Amino acid sequence: MTTALVAPLTALTDDLDAAVRGAHPGPARVAAVGHALAPYLGDPRLLRPDQCVGDPEHYTQHVLHVAPDGAFSLVALVWLPGQTTPIHDHLSWCVVGVHTGEEHETRYRVEDDHLVVDGTDVAGPGSVAGLLPPGDIHRVTNSAAVTTISLHVYGVDVSRLGSSIRRRYDLPVEC
Ligand SMILES: [Fe+2]
């Protein structure tokens, strides 16, 4: 973690850049990025007020940084209480850290023409989790009574693609 007189967000993106480029693709890179992200979670100096603003209609993505070569992106997702994602998977590896609030994740797998719940997790402030496609179908919901903000690092250029979502799953869910 960089401790010089550098803006915390700049220090974080520097640390993420080093983690992405210093680790082999796959589980090692996901672990290195999670290790780099964790110390910054919950730091009130990290985000500007406008980067913490949600939308009453749906969860909100604020793009914080994209590497010049598109190797990774850092975004803040802001959920008001009860807001949720569609069931989806991702175009690339992803590391998620909870900055404030609480995320409830439900994981799924496809069986024939429907989805089956594979597990659930509740993640509080400071929690870090990694996703490595394939097999990363999930839905995330703000299960807290307050605004939840999580920081997501993706191995794609979200300023070009719009988001990291590969596809949405509208199949029926059987428990
Ligand atoms: Fe996701």
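Strands here are DSSP runs of E, at least two residues long, numbered from the N terminus. The model is predicted, so local features need pLDDT of at least 70 and side-chain atom pairs pLDDT 80 or more, while totals for chains, interfaces and linings use all residues. Residues count from 1 along each chain as its sequence is written, and side-chain values use heavy atoms, without hydrogens or water.

Start with strand 7 (128–131). Strand 7 gives the most to the lining of the largest pocket, four residues. A pocket is an open set of points on a 1 Å grid over the protein atoms alone, where a 1.4 Å probe fits, with protein on both sides within 12 Å along at least five of seven lines; lining residues have an atom within 4 Å of a point. The volume, the space filled by probe spheres set on the points, is about 230 Å³. Next select Val96, Glu103, Glu105, Ala123 and Ala129, the closest to its centre of the 14 lining residues.

Move to the second largest pocket, with about 170 Å³ of space. Of its 14 lining residues, Tyr59, Leu77, His88, Tyr154 and Ile165 are the closest to the centre.

His90 in strand 3 and His138 in strand 8 are 48 residues apart. His138 is buried (under 20% relative accessible area), at 5%.

How values were computed. Buried means under 20% relative accessible area, exposed over 50%, partly exposed in between (1.4 Å probe, protein chains only).
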